[in-house]
Amino acid sequence: MFAPLTAGMNVADMAWEVKCREEDMKQRALENERRAIDDARRSVDEKAQQLKAISHLSALIAGFAMVVIVEIQIDDDLNPVLLCIFGFTTATVVGCMLIAMLNCTMMLVAILRYNCVLREVPFQDFWKMRCEEDFIFALRVFTYGIPMFMCTLAEIGWVVYNGHNQRIIAASIITGIAVITLLMWMLHTERKWGDFLLGGSNAKLYDPGLRTDMLDVQLQQQQQQQQQQQQQQQQQQPETELKENGGVVEDDESTGNNRR
């Protein structure tokens, strides 16, 4: 009598479960799509911040160099060789920074046009195919412009203070500061971060050539910890053996007393 009713209820339950499962799958697909859109936008923002940083700093340094070219007053009796070298280094700074700024600006416009919703091409593939080489080129030109800017700073004292009584002392101080800054840039900053930043997608998280000292220290600390653990285990073993032997002796004595 109740068999058709129970069969109908079972069919209704199965239909409800199928409907709930379909809605669950749709909701999961929608959440996955939202996560993919958020990941794409996050990647675009990350690259945009990198490009903006290089572009703004390049424009700032190029502006400084242009101010030096326009505003500096050059005496007629200045050494022509020094004048030519000063003009070459200053113009090179402006050219390098301008190339870096323009490349970063073009790439910034390109990645901001990337459609994060449709994603016809994954953003990482788009970046590798269209932007990564230009980004490395812009960053490399930027790193070439920094030493030239330091050379301009080293030369500016000899140009500005030409004809002054204390020209040699003042110009030597400026040149010395510029040389120290250049050495710090080349031996520390550029040596540490140059290969990592110019490596693109294949860059490692650390440079083994620069991090060997820290790795050696970590290995030594790990070895010391292992040795300490082994010593503690060796010290604990005799105590456990004595406890076990004491327990055995007590058991023997108790069994002997029981027998008596």
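Analyst: Contact here means heavy atoms within 4.5 Å. This is a predicted model, in which local features need pLDDT of at least 70 and side-chain atom pairs count only at pLDDT 80 or more, while totals for chains, interfaces and linings use all residues. Residues are numbered from 1 along each chain as its sequence is written, and side-chain values use heavy atoms, with hydrogens and water left out.

Thr90 is part of helix 2 and, leaving aside residues up to four places away in sequence, touches Ala65, Ile69 and Thr152. With a relative accessible area of 1%, Thr90 is buried (buried is under 20% relative accessible area, exposed over 50%, partly exposed in between, with a 1.4 Å probe and protein chains only).

Helix 2 (residues 80-112) and helix 3 (residues 123-160) have axes that come within 7 Å and cross at roughly 155°; axes are lines fitted to C-alpha atoms over the stretch in contact, and angles run from 0 to 180 degrees between N-to-C directions. Helices are DSSP runs of H or I with at least four residues, numbered from the N terminus. Helix 2 and helix 3 are therefore roughly antiparallel, the term for angles over 145 degrees. By class, their contact has 29 nonpolar, 6 polar and 2 charged residues, where Ala, Val, Leu, Ile, Met, Phe, Trp, Tyr, Cys and Pro count as nonpolar, Asp, Glu, Lys and Arg as charged, and the others, Gly among them, as polar.

Helix 3 also packs with helix 4, at an angle of about 165° and with the axes 6 Å apart, so helix 3 and helix 4 are likewise roughly antiparallel to each other. Among the residues that meet here are Ile136, Leu139 and Arg140 in helix 3 and Arg167, Ile168 and Ala171 in helix 4. The residues of this contact divide into 17 nonpolar, 5 polar and 2 charged.

Turning to the rings, the whole structure holds 5 aromatic pairs; rings of Phe, Tyr and Trp (its six-membered ring) pair if their centres lie within 6.5 Å, with planes under 30 degrees apart counted as stacked, over 60 as edge-to-face and the rest as tilted. Trp127 and Phe135 form a tilted pair, 5.7 Å centre to centre with 55° between the planes, and both residues are buried. Trp193 and Phe196 both lie in helix 4 (residues 167-198), 3 residues apart, about one turn of the helix. Their ring centres are 6.1 Å apart and their planes at 65°, so the pair is edge-to-face. Trp193, at 42% relative accessibility, counts as partly exposed, and Phe196 does too, at 30%.

Terms used
Helix = DSSP H or I, 4+ residues; strand = E, 2+ residues; numbered from the N terminus. Parallel < 35°, antiparallel > 145°, perpendicular 65-115°, else oblique.
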